[in-house]
Amino acid sequence: MKLSEIMIRDPFILKSNITKEYYLYGTTNEKELGFYAYKSKDLENWEGPFKVFTPPSDFWGKRDFWAPEVYELDNKYYLIGTFKGDDHHRSCQILKADSPLGPFKIYSKEVTPIDWESLDGTLYFNNNKPYLIFVHEWTQIDDGEMCIVELSKDLKEAIGKPRTLFKGSEANWAKVPNWANKNIHVVDGPFVYKYKGDEYLLWSSFYKKGYNIGLTKPSKNILNSKLVHSNEPLPLIDSGHGMIFDDFNNNHFLVVHAENSKNNLTHPIIVPINFIDNKIELEDK
């Protein structure tokens, strides 16, 4: 199948150096609760869906299985997912498997504060130390926050307290959504890509024409330097929650979900990109 036939949000693509294939994960509308994946050899033709995680009956997460991201580390696979429980705040937790197609099993404790509404965890390394960048959701605090917390080396738990990197209102391009009845700022979908010593933090919010993806750059690195927000989002209208990956020929690509406002038509698109003057430039396909 083609990407236009895959109805998912929050896409994440893993390039496996072990299997020499690409794996696509995302938030799905499948009737059976869990996480699903697709695989491809060429980024054009995809097989799936394959169910990669079925929650055990005693798992606290009961709905909203969102934004899975999968990382290949030391020949194992780690999935960071967002979950919601009946009497449990939305939280991020890490699963583990021997294969990119699972089956993934519960691995960590919750790695976001249990009294926060948190989502969209992404893995970030600095000096070989792992960190989780995640969102403290606007539904709890109105002005959504991008946060970071150190993880143990085995990724099983958070170390210390998280700190706020920025609030959604600090980026000039991020606007109050037209559907909101109060002054809120949505922060979604962080992802960090490192290129030639520079770090690029992608994240999503709402702009004049709907959902968009913007860029935040540190002068040095995310942990200990000033963060500078782009004045405008990337020119992808009604699209967002993206990440950057390289293909097996070292070409750079951005994957986002398109047609965000059309729930039944929301699907991934892959866009070639270049890095020019510390900015991300989209190529015409």
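This is a predicted model: local features need pLDDT of at least 70, side-chain atom pairs count only at pLDDT 80 or more; totals for chains, interfaces and linings use all residues.

**Note on charged side chains and cysteines**

1. Glutamate 69 is buried but forms no salt bridge, and the nearest side chain of opposite charge, that of lysine 194, is 13 Å away.

2. Glutamate 69 belongs to strand 5, which spans residues 63-73. Beyond its neighbours within four places in sequence, glutamate 69 has contacts with Phe12, Tyr78, Leu79, Ile80, Gly121, Thr122, Leu123, Pro190 and Phe191.

3. Strand 5 also holds aspartate 64, whose partner arginine 90 is in strand 7 (residues 88-97). Aspartate 64 is partly exposed, at 24% relative accessible area, whereas arginine 90 is buried at 9%. Both residues take part in a network of salt bridges that links Asp64, Lys84, Arg90, Glu117 and Glu137.

4. In total, the structure contains 13 salt bridges. Among them is the pair of glutamate 157 and lysine 109, at 3.4 Å from N to O. Glutamate 157 sits in the loop between strand 11 (145-151) and strand 12 (158-167), while lysine 109 is in strand 8 (residues 105-110), 48 residues apart from it. Glutamate 157 is partly exposed at 36% relative accessibility, and lysine 109 is exposed at 53%.

5. Aspartate 142 and lysine 182 form a further salt bridge, at 3.0 Å from N to O. Aspartate 142 is in the loop between helix 1 (138-141) and strand 11, and lysine 182 is in the loop between strand 12 and strand 13 (188-195), so this pair ties together parts that lie 40 residues apart in sequence. Aspartate 142 has a relative accessible area of 28% and is partly exposed; lysine 182, at 44%, is partly exposed.

6. How many disulfides does the structure contain? The count is 0. The sulfur of cysteine 92 has its closest cysteine sulfur in cysteine 147, and because these atoms are 11 Å apart, they are too far for a bond. Cysteine 147 is accordingly in no disulfide. Cysteine 92 is buried, with a relative accessible area of 0%, and cysteine 147 is buried at 0% relative accessibility.

Technical notes:
Residues are numbered from 1 along each chain as its sequence is written. Side-chain values use heavy atoms; hydrogens and water are left out. Helices (H or I, at least four residues) and strands (E, at least two) are DSSP runs, numbered from the N terminus. Buried means under 20% relative accessible area, exposed over 50%, partly exposed in between (1.4 Å probe, protein chains only). Lys and Arg count as positive and Asp and Glu as negative; His and the chain ends are not counted. A salt bridge is a side-chain nitrogen of Lys or Arg within 4 Å of a carboxyl oxygen of Asp or Glu. Contact means heavy atoms within 4.5 Å. A disulfide is a pair of cysteine sulfur atoms within 2.5 Å.
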